[in-house]
Amino acid sequence: MSEIYVIEEVREILILVGISVNENDDALDSMEELKELVRTAGAEVAGVVLQNRDRVHSGTYVGKGKVEEIREKMEQTGANGIVCDDELSPAQMKNLEDELNCKVMDRTLVILDIFARHARTSEGKIQVEMAQLKYRRTRLTGFGRSMSRLGGGIGTRGPGETKLETDRRQINARIAQLRSELEAIIRHREVARNRRRQQSIPVVAVVGYTNAGKSTLLNRLTGADILEEDKLFATLDATTRKLVLPDKQEALLTDTVGFIRKLPHHLVEAFRSTLEEAKYADILIHVVDASNPQWEKHMHIVYETLHELGIEQKPIITLFNKQDLLGQEEILRDFAADKTIKCAVGKNIGTDAVCEALEEILRESKAYIEELFPYAKAGDIARIRKSGELISEEYREDGIFVKAYLPKRLKAELEIGG
């Protein structure tokens, strides 16, 4: 009789650990966000340990007394691992593993895991794997006792050292291969970007904190079918769709990866090519979850990240989203925005105002013309209709008289004076 094997997936039950270095920091909010990240990654939160300290302990992240408290809480709750709210050094990770004899993770590792789950396109998968490898490379000495080294001295390099060198070489080789594949994708995107520029099609990039409603906005405005979930990083891969505004102007609407506090530098670097879609955009739509008590902090993080990426001096439309979830009227301001709109995109409230704001900003960047086109150049009017805003056309004996707004680049290409 053949034996039957039952394989059960072990659900991770975790204790969250954080540090508060002063009264004015956002440690509590950061821990709440970490709780959502852990749940999104598929684990269960058994408890929270937050320590007030002047600075992070260099050896074990928290002090020795808190390590004992964590051990007791793990025994009480049956937890099998911990997650620290900051990125741990290899030494901190190894010391905590030795002290607690359990799986130790940090915020970066959880975010990387979520990204790995949600990446769908080949580019997204490449970027996530690169970030994972860069994170692992800096921590080779911290993972597992099998990588421990022998004592120092001439002629004492043992298998542990060899294992480290082999792992590091393999990781570097894989990163180089992934970087080559990513560069090919970036070159293809640059070709597409130049083609759009030649066709004078404006690009609108949607940015914002994770779970603010960016994907929902793209779906409502363009009829796209992107996953909408009330989870952090529910969608990861950048998506571009054509948007036809009420005045028949065409634009490309691009979603970008959501921002978050303490976004790992590995991810900022790996997703730089995707985030640069915002850098080359003509307009930014900044989506803010107005129902979140930390909306101002989230706005600051978004602008901080955009500044880090060199994305500045662009027209910004800020959407204070999820108005339907607000219990009372709140004063909502964004002094960095050219226009602000209160909306509830999920309920399709305020989307018309978004389109009107886009039309106004696009019109401001265009030149107004009144021009007579010979019938031989009727094709030029088709270009105006596609890339500009055709107000009227009158068919006369000597040609077609047109009133329109059109991109200044197109005006120069069509050699229209005035």
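Helices H4 and H5 are roughly antiparallel to each other, since their axes cross at roughly 155°. (Angles under 35 degrees count as roughly parallel, over 145 as roughly antiparallel, 65 to 115 as roughly perpendicular and the rest as oblique.) H4 covers residues 107–118 and H5 residues 122–137, and their axes come within 9 Å. The crossing of H4 over H5 is left-handed. On the H4 side, Thr108, Leu109, Leu112, Phe115 and Ala116 make the contact, and they meet Val128, Ala131, Gln132 and Tyr135 of H5. Sorted by class, that gives seven nonpolar residues, two polar ones and no charged ones.

A few ground rules before going on. This is a predicted model, so local features need pLDDT of at least 70 and side-chain atom pairs count only at pLDDT 80 or more, while totals for chains, interfaces and linings use all residues. Numbering runs from 1 along each chain as its sequence is written, and side-chain values use heavy atoms, with hydrogens and water left out.

Helices (H or I, at least four residues) and strands (E, at least two) are DSSP runs, numbered from the N terminus. An axis is a line fitted to C-alpha atoms, for helices over the stretch in contact, and angles run from 0 to 180 degrees between N-to-C directions. A left-handed crossing has the near helix turned anticlockwise from the far one by less than a right angle; clockwise makes it right-handed. Contact means heavy atoms within 4.5 Å. Ala, Val, Leu, Ile, Met, Phe, Trp, Tyr, Cys and Pro count as nonpolar, Asp, Glu, Lys and Arg as charged, and the others, Gly among them, as polar.

**The chain as a whole**

The chain holds 13 helices and 13 strands. It has 418 residues, of which 48% count as buried (buried is under 20% relative accessible area, exposed over 50%, partly exposed in between, with a 1.4 Å probe and protein chains only). Take the contacts between residues at least 6 apart in sequence: 66% of them join residues at least 24 apart.

Ser30, Glu33, Leu34, Leu37, Val38 and Thr40 of H1 touch Arg107, Val110, Ile111, Ile114 and His118 of H4. That contact has six nonpolar, three polar and two charged residues.

Helix H2 (residues 64–77) and helix H3 (residues 90–100) have axes that come within 10 Å and cross at roughly 50°, which makes H2 oblique to H3. Their crossing is right-handed.

| Pair | Axes | Angle |
|---|---|---|
| H4 and H5 | within 9 Å | roughly 155° |
| H2 and H3 | within 10 Å | roughly 50° |

**The sheet**

Six strands line up as S6-S7-S5-S8-S9-S10 in an open sheet with mixed pairing. Strands S6 (240–244) and S10 (339–342) are the edges, each pairing on one side only. From one strand to the next, the twist averages 25°. (Two strands pair if DSSP finds at least two bridges between them.) Inside the sheet, strand S8 (residues 283–289) and strand S9 (residues 316–321) pair in the parallel sense over six bridges. Val288 has Phe320 in S9 as its bridge partner. Helix H11 (residues 351–364) packs on the sheet and touches strand S5 (203–208), S6, S8, S9 and S10; its direction makes about 170° with that of S10.

Glu250 sits in strand S7 (residues 250–255). Glu250 is buried, with a relative accessible area of 18%. Leaving out residues up to four places away in sequence, Glu250 touches Ile201, Pro202, Lys242, Leu243, Val244 and Lys386.

Most residues other than glycine have a negative phi. Asn101 lies in the loop between H3 and strand S4 (103–106), and it is exposed at 66% relative accessible area. Lys248 also has a positive phi, near 75°. Lys248 is in the loop between S6 and S7 and counts as exposed, at 59% relative accessibility.
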